[in-house]
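Open your viewer and keep the selection panel at hand. The stops below say what to select and what is there.

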Amino acid sequence: MVPISYYLILAAALFCIGMFGVLIRRNALVVFMCVELMLNAANLTFLAFAKQNGDFTGHVSAFFVIAVAAAEASIGLAIVIAVFRSRGTVNIDEMRTMKH
Amino acid sequence: MNVELVLFGAFALLTLLSAGLVIFAKNAISSAMALVATFFFLAGIYVLLWAHTVAVLQVLVYAGAIMVLFLFVIMLLNLGESTATGPRLTLSRIAGGAAAAGLLVVLVVSIWKMPVRAETFTGPQAIASGFGTLAVIGQTIFTKWLLPFEAVSLLLLVAMVGAVVVAKSRI
Amino acid sequence: MDALKQFFMTAPVDPTVFAQSLWLIIALPLLGAFVCGVFGKMLGRANVHLIACAAVAGSFFLSVLAFWSVSHVQGGVPVSTENPFSAGVIRYAISADYGTWFSAGTFRVNYGLMVDHLSGILLLVITGVGFLIHLYSTSYMEHDEAYWRYFAYLNLFVAAMLTLVLADSLVLLFVGWEGVGMASYLLIGFWYSDTAKAWAGRKAFVTNRIGDFAFLIGSFLVVLLVGAFNAQATSGNFAQLGGNTEAAQVRFREGLQQRGPLSFRGLEVMANALPATADAAQGGVSLQSTIAEGPLAGRTFGGVLTVALLLFLLGAAGKSAQFPLYVWLPDAMAGPTPVSALIHAATMVTAGVYLFSRMSFLLVMSPTAMVTIAIIGTFTSLVAALIAFAQDDIKKVLAYSTVSQLGIMFMGVGMGIFWAAVLHLVTHAFFKACLFLGAGSVMHGNADETDIKKLGGVRREMPWTWATFLIATLAITGIVPLSGFFSKDAIFHGVHHNHLHGYEWASNALYYVGLLIAACTAFYMSRLYLLTFEGKRSAEAKVAHAHESSWYMTLPLVVLAVLSVVALVYALPLMPGRNGPQPVMENFLGPVFASAERIAARGKLVELDHSVPTLGNYLVAWLVVVASGAFAAFMYMKFFPSRAGQPAPAFARSARRFAQNKFYVDEAYEFLVIRPVKNVSAILYKLVDTVLIDTVAVRGTAWVTARVGSALRYVQTGDAQAYAAVMALALLGGAVYALIQVLQ
């Protein structure tokens with residue numbers, strides 16, 4: 001038997017790796033991919049607890065997370081395309097319109 | 001030392017390796033492919049967690065549809081070449097990195113300090129109740145979680161329309 | 001005869017009905033002031049004159065009705081009004097309460113108006129003399145552009161003075177007190193484009209303010225005293241009042257709740273219930289018992305009362321121009337002459353005397369306060385008389401004369417002869433107003449010349465002015481049979497025969513100084529009269545011939561002169577009294593001062609005499625005055641002109657200069673008080689205000705905020721990853737905190 005905590009630690013590690021990537025990488029698309037990583041870590045946590053409790057509400061939640069991630073990915077990529085079209089780059093260092 | 005543990009160890013290691021590859025790869029295509037690999041290995045772990053349906057959905061939707069979308073966009077924007085320089089080390093980046101590392105430590109510590117609960121949900125019970133099967137999940141979704149289901153379908157519609165509108169060059 | 005008496009004792013309007021309209025007496029001049037002030041320029045000179053005079057005339061008419069009402073006797077029972085503080089009634093009085101002004105806890109102030117014999121007389125004086133002066137002003141100010149402002153202020157003054165006199169509590173009295181101070185400031189500085197005149201107004205106001213501050217502190221002490229009395233009094237105290245003691249105490253508490261601690265009625269009941277010594281108290285509190293709790297704990301009732309009365313003395317000194325706060329009155333002559341006549345002769349300066357008459361029942365409980373008042377009054381009177389010897393400005397002489405006569409009134413109040421002080425107040429109002437208006441008439445006819453050395457021989461050219469001025473001068477010096485003689489002599493007689501426990505020496509000493517003051521008064525007033533009206537025209541006169549003034553100005557003069565003569569009736573012993581014939585005024589004011597008499601008789605601290613001056617006393621007084629007047633005539637008609645051209649001896653010259661410069665009192669104040677205050681104020685301005693508050697606190701705060709803002713600006717980089725990093729750090733912090741909480 002693999003104790004649940006092993007799965008949870010794996011999920012935590014995945015989450016932190018994803019967060020690390022979000023805060024470090026310059027390419028907008030890679031940042032997006034790291035966000036997907038974080039979502040998957042959350043999914044893993046849901047499923048681990050579902051197994052522990054014998055309650056498949058976690059599975060349903062993971063199902064919905066996947067659906068929402070799909071919707072979010074499509075819109076986010078559309079935005080990246082639009083930004084690329086107006087600026088010619090997806091390098092987030094060069095997108096500073098929020099600067100005061 | 002049983003099969004489950006070995007399988008878990010293998011899949012976990014591979015998942016972490018490919019996740020690391022995602023964030024350290026030089027070009028976007030490599031990151032995307034590494035991410036696909038991560039999803040596949042994650043699906044394996046899901047199976048170990050008796051979540052068959054979700055594992056299949058993961059491969060179908062995540063690795064199959066979303067990553068394909070990602071690859072389309074990368075190729076559309078012609079971002080295949082690798083960028084020469086790495087990320088510039090600014091204060092915010094260092095802080096961010098430290099935050100991530102710190103968070104990892106905190107989470108591991110808190111998980112480690114979690115009180116151990118006896119695993120009461122056994123395998124035979126799972127098989128008997130149809131844990132994680134499509135039939136049972138489907139039944140739950142269409143009865144108890146019907147409203148969120150319909151809402152998500154609406155959400156997907158909105159996302160479709162939004163994506164088309166945002167990405168058009170001329171509205 | 002009886003029918004005449006009956007006529008005067010039956011008011012035309014039912015007193016209780018009339019009492020509800022008492023507010024109209026104050027409202028009419030106030031309305032006049034408003035209309036003249038706001039619409040005066042539009043209305044034109046004639047209309048403004050009409051409105052202002054009509055307002056005061058209306059007030060006078062109502063005052064006559066009020067005076068008649070409080071003399072009303074029906075079926076042998078005099079008019080009376082309910083006393084909210086005791087079971088008995090207040091006889092010969094009407095009152096009206098118009099609701100609460102404000103209340104805070106146990107402290108309450110009501111709009112309450114009250115007329116008794118004392119305020120009745122003063123109402124008539126204020127509105128009557130006020131009306132005459134309004135009439136006079138219509139001609140005196142005919143060439144002035146700001147006539148509407150003048151009449152507005154004059155009406156405002158009358159309204160404020162009426163509030164002061166009609167008030168039935170110390171707080172409402174103080175409202176009138178401040179109001180007249182403000183009106184005085186506005187009127188003294190009427191020609192404000194001349195800086196010196198404006199500063200005279202300022203000086204009056206600031207000096208008054210010092211007195212007002214003392215008044216306020218005195219009132220606060222009285223509030224605390226009443227509170228302590230209410231807490232500590234037992235039935236033994238209320239037994240002094242007669243009747244059911246339980247009911248009396250309950251009624252007193254009820255009154256305090258409904259009318260507040262500063263109502264004169266309540267203070268009167270408390271004074272009656274507070275005996276002087278412990279053995280007279282039958283187990284209750286007395287003047288010698290100590291206050292148990294509160295900010296005054298540990299001090300005796302008598303001690304606190306004395307301190308409060310001394311503070312009221314300082315306040316009255318400010319208003320009535322006594323030492324040390326008299327310096328504003330001579331400077332106040334910068335205002336128009338009718339103003340000097342009304343405010344600084346007849347009415348405002350008498351507010352101090354009125355205050356002490358109102359609180360006579362408190363005064364007789366403190367011989368220390370009384371003797372202080374008497375000494376201050378005497379001292380001021382003497383000093384002012386000596387200064388008046390050497391003044392050349394006609395108005396300044398009259399101003400110092402006013403200060404001197406007020407000193408005599410204070411002497412009377414201080415020694416307990418209240419009715420005579422009030423009588424002198426009334427007669428002084430008449431002849432001093434007549435003198436001031438006469439001086440104004442002289443100035444008007446001589447191209448505003450005020451230096452008496454440059455006048456002379458006006459008698460032939462201005463006959464009406466001359467005649468009235470002569471009568472008024474004779475009245476003030478005290479020549480029989482004019483009223484001033486009787487009122488002044490009544491005061492001196494009372495001073496001589498009343499005794500204060502512990503200060504018996506004061507009676508004789510003050511009497512002889514009083515005779516000296518009478519002599520001085522005769523001297524300088526004769527000098528004034530002779531130099532102005534008699535003799536040859538001075539070579540330095542501005543106009544060769546003076547012209548008589550119009551009837552607007554001479555009619556008030558005549559009326560006032562007649563009143564100066566006729567008022568003597570009030571001093572004659574014509575009424576039946578306890579120990580034989582009593583002067584009319586003493587009998588008239590009997591109900592007002594009954595409490596004071598009773599407390600004095602019971603407490604044996606103050607011995608009030610009721611004898612009538614004998615013929616011998618009259619003779620002595622008359623001789624002193626006649627001798628002094630004759631001496632003045634000799635000096636100024638024969639002696640000095642015969643020595644014209646020969647220099648006067650050195651000491652005489654320096655004495656004259658000393659007196660002419662007002663004994664350098666103003667300069668002393670400048671050095672001792674004003675200079676240090678200005679220096680402290682300059683330090684506070686330069687150091688505290690400019691540096692500490694302005695630069696460090698206000699501008700410093702703004703500077704710090706701006707610096708911090710420009711520093712924080714650099715956080716807004718526009719870099720989304722930086723923002724995300726901050727969020728991650730916050731998340732980490734939250735996670736750590738949650739972990740620690742769980743682990744504990």
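Strands, E runs of at least two residues in DSSP, and helices, H or I runs of at least four, are numbered from the N terminus. Two strands count as paired if DSSP finds at least two bridges between them. This is a predicted model, in which local features need pLDDT of at least 70 and side-chain atom pairs count only at pLDDT 80 or more, while totals for chains, interfaces and linings use all residues. Residues are numbered from 1 along each chain as its sequence is written, and chains are lettered from A and ligands numbered from 1 in the order in which they are written.

Select residues 94-104, strand 5 of chain C, and residues 107-115, strand 6 of chain C. They pair in the antiparallel sense over 8 bridges. Pick C:T100; opposite stands C:N110 in strand 6 of chain C. The two strands form a hairpin with 2 residues between them. In the turn, C:G105 has a positive phi of about 65°.

**Stop two: chains A and B.** Show both chains. Here 60 residues of chain A are in contact with 67 residues of chain B; contact means C-beta atoms, placed from the backbone, within 7 Å. On chain A, select helix 1 (4-24), helix 2 (28-53) and helix 3 (57-87): each supplies at least two residues of the side that touches chain B. Helix 3 of chain A gives the most, with 22 residues.

**Stop three: inside chain B.** Colour domain 1 (1-80) and domain 2 (128-171) of chain B. These bounds come from an automatic or database domain assignment. The C-alpha centres of the two domains lie 22 Å apart. Their contact takes 4 residues from domain 1 of chain B and 5 residues from domain 2 of chain B.

Key
Two residues are in contact if their C-beta atoms, placed from the backbone, lie within 7 Å.
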